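Here is a quick tour of some local features worth a look. Have the sequence and the coordinates open as you read.

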Amino acid sequence: MANDEINFTDFIASSIHDMKNSLNIQVSSLETIALECRDRGDHETFEKLGLMIYEANRMNANLIQLLSLYKFGQSTYPMDIAEHVVLDVIEEAMLQNKTLMDFKGLQVSVDCDPDCSWYLDRDLVTGILVNALNNAYKYTDKKIRVVAQVVNHMLELRVEDDGRGYPPNMLYDGAVTAPKGVNFSSGSTGLGFHFASRAAAMHKSGQGQGTLTIENGGRFGGGCFVVRLP
Amino acid sequence: MAMTLQQAKVLVIDDFQGMRTMLRNIARDMGVAQADTAGNGREAIQQLRQGNYDVVICDYNLGPGPNGQQVLEEARHDRLIGVSTIWIMVTAEKTSDMVMGAAEVKPDDYVLKPINHAMLESRLTKLIARKNSLHGIETAIKARDYAAAIAQCDEQLKAQPAAPQELLRVKSDLLLTTGAYAAAKAVFEAVLATRNVPWARTGLGKVLFYNREFGAAKAVFQQVLADNRMYMEASDWLVKTLEAQGEFEQAQEVLLDAVKLSPNSSARQKTLGDVAYRNGALDVAQSAFEKTIKITEHSARKNPAVFAGLAKVFSDKNEPEGALKVLDQSRKTFKDNAEAALQIALAESVVYKGMGQADKAQAALAGAEEAMKAMGGKVHHETQLEMAKSLFKLGEKDRASQMLQDIVKNNHENADISRQVQAIFESQGLGEEGQVLIQKSRDEVVGINNQGVTLAKTGDFEGGIKLLRQALEQMPNSETVMMNLCGLLLGSMNRSGKDGALAEEARALLERVRELNPDNKKRQDYVTALERIVSN
């Protein structure tokens, strides 16, 4: 049966490749059109396009997350732990969402020592942050803050917003370890959290294992998405 | 020379029209000097041949024909791109083949889709900065001036408060290359003291391997694999270690696991084919060789030895037609390739022998011997070993034995080759006789070398040089004889002043050693000494 599974992975991978090409071109074209709209003062269309880009980005993030989760399950995800400048990783995640943040006029601030470097899988951590920023984008009012600091020998990455925060039923013990089930009314499958939690846990070292927690508070009193990596 | 993004000539390679246009537009928006596109691998190679590109943005998946990795390999192999060229591989998902050292040639970076302007520009800017800072080291490595490369690493490491891992990795690789195992070990241990990273752990295993502590090396590589199943470099080294221990069945198991996880490395598939053939697992060997041929179909890594290996598998399976067909295919694939012609002829002789056609077998063998003579001393020892095997199969015991002794003489310090020679003798039921012959051949070379060096020590450089020149005629491939002769030539000039003819002879020897073994540790010292003598 192993053969069928490998072929299935190939099949998923090539389909995803195809879908991502389409999405990539779609987003790129939408961005170009949107900028044209803004330049000629058509703010209504500009904002509508912003929503479309947001959804297309979400779709893309979901594709990556599904494929990664599949590979975690098969133990075939090629973990590539290397030393990276943390600020570079944060900036890259922000660049992926930059147009989006600009559309909504959100202020995203970063608080990270430029000399801070850490051992991590760049693609996974970028994926976690993009996911967190996408989430914050949806719930925030005006401000988002990304903080990176070393606390108790762990790298702590926080994405804080100034929205209403997470509903109490999501916060029963803080640690996010499994999807809370599919909620069809809100359209949330918990995929993003599940991915982020598994991706954090893929980071292991003698000192421990990565975790994801969600809480309310932070500097802006909104939702806080916190990843700790050993 | 430092480069900026605005000066860069960029080539975009993507089979998908929409992506191609998008990437080119992004490049143009960045303000690069020039942005060209190619729609498939072949077109890309054409473009690379014509233009001097600073940056290549290449999709991994290029539809039918070569993929991005194969285009990169061919470009590096044919020197269409230099060390300063930045190659970015674009991919929809991360795979182990791209990340985990499955590929022998790697891009400078890979980016996951989706790609946008801001992200690509930020990556490129960082890559250019990195390239500029590593430029001196890479140039020294390319010139095989390892001492200078290590010195530059140290200089850069001193200038930075937190040693960047990349630099440590480059430095440790260089230390292993030059045989400075203790120093390499110190680097690995320092890294491991702060963090358990697989490359440093694997590095410790390599040090153990080079120190011939195979048992301990094996344990280290197995541990790395237990922690990171996808870390293919550890798997490749585990195989090497098991081979060194003579554990071929185990090596085959490890390889089978590895190709399941990462099936697209041609080198690994070929090793599996060789090991399986050796173990008599003909079906496994056949499948591995066939996959190797398929993977390298569009690549610069095509290897005639793989075709010859597959032909022998068919021959052993009693399917001579299949074998001859493969050899025919090889002949078409490798036109005007002397080494390939030799290997084809050798394999043919074995196949015909198996078919009971002694005449044709003899004729093929005669052709092989002629080809070998025509190539001078430049026949790879693997091919020579194959030749000896064929001679045995054709009943030419004396000539086979002579050939094996020559191989040992030419490589008397290489334990691995001696072991292979011994294995061939054993397969003929000549184990004891072989052992004696190997020892005798080794002693002979060592004796001549010692005699030459002793003569030189007593001041008789001329006598020593004469002796070693004679020895070299009998052992045209012996690195040791060449280096010793070179040492005497240098010594003689040091004493009696420079001499055009001697300098030329020394230079030719050093060039020959470089061809045979670019990593010879003493060579660089001799090159420097020769330069000093000549410039005096």
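## Aromatic pairs in chain B

B:Y181, B:F209, B:Y210, B:F214, B:F221 and B:W237 come together as one aromatic cluster. Keep in mind that this is a predicted model. Over all chains, the count of aromatic pairs comes to 14. One of them is B:F209 with B:W237, an edge-to-face pair with the ring centres 5.4 Å apart and 85 degrees between the planes. B:F209 sits in helix α9 (residues 198–210) of chain B and B:W237 in helix α11 (residues 232–244) of chain B, so this pair ties together parts that are 28 residues apart in sequence.

Another edge-to-face pair is made by B:F392 and B:F425, at 6.4 Å centre to centre and with 75 degrees between the planes. Here B:F392 belongs to helix α19 of chain B and B:F425 to helix α21 (residues 415–427) of chain B, so the pair links parts that are 33 residues apart in sequence. Both B:F392 and B:F425 are buried.

## How α17 meets α19

Helix α19 of chain B, which holds B:F392, also has helix α17 as a partner. The axes of α17 (residues 338–354) and α19 (residues 381–393), both in chain B, come within 10 Å and cross at roughly 20 degrees. Angles under 35 degrees count as roughly parallel, so α17(B) and α19(B) get that label. As for handedness, α17(B) passes α19(B) in a left-handed crossing.

Which residues do the touching? On the α17(B) side you'll find B:E339, B:L342, B:Q343, B:L346, B:S349, B:V350 and B:K353. They meet B:T383, B:E386, B:M387, B:S390 and B:K393 of α19(B). Sort the residues of this contact by type and you get 4 nonpolar, 4 polar and 4 charged.

## Backbone spots to check

Some backbone angles deserve a look as well. In chain B, a cis peptide bond joins B:K113 and B:P114, with omega at about 5 degrees. B:P114 is in the loop between β5 (109–112) and α5 (117–142) of chain B.

Then there are positive phi values outside glycine. B:N318 has a phi of about 65 degrees, although B:N318 is not a glycine. You'll find B:N318 in the loop between α15 (304–316) and α16 (320–333) of chain B. B:N318 counts as exposed because its relative accessible area is 63%, and the cut-off is over 50%. In chain A, A:H153 has a positive phi near 65 degrees, again in a residue other than glycine. A:H153 is in the loop between β4 (143–151) and β5 (154–161) of chain A. With 65% relative accessibility, A:H153 counts as exposed.

## Chain A at a glance

How many helices and strands does chain A have? There are 5 helices and 9 strands. Along the sequence, they follow the pattern α-α-β-α-β-β-α-β-β-α-β-β-β-β.

Of the 230 residues in chain A, 49% are buried. As for contacts in chain A with a separation of 6 or more, 71% of them are between residues 24 or more positions apart.

Definitions and conventions:
Residues numbered from 1 in each chain as written. Chains lettered and ligands numbered in written order. Predicted model: local features only at pLDDT ≥ 70, side-chain atom pairs only at ≥ 80, totals over all residues. Heavy atoms only, no water. Axes fitted to C-alpha atoms, helices over the stretch in contact; angles between N-to-C directions. Helix = DSSP H or I, 4+ residues; strand = E, 2+ residues; numbered from the N terminus. Parallel < 35°, antiparallel > 145°, perpendicular 65-115°, else oblique. Left-handed = near helix turned anticlockwise from the far one by under 90°. Contact = heavy atoms within 4.5 Å. Nonpolar A, V, L, I, M, F, W, Y, C, P; charged D, E, K, R; others polar. Phe/Tyr/Trp six-rings, centres within 6.5 Å; stacked < 30°, edge-to-face > 60°. Buried < 20%, exposed > 50% of the residue type's maximum accessible area, 1.4 Å probe, protein only.
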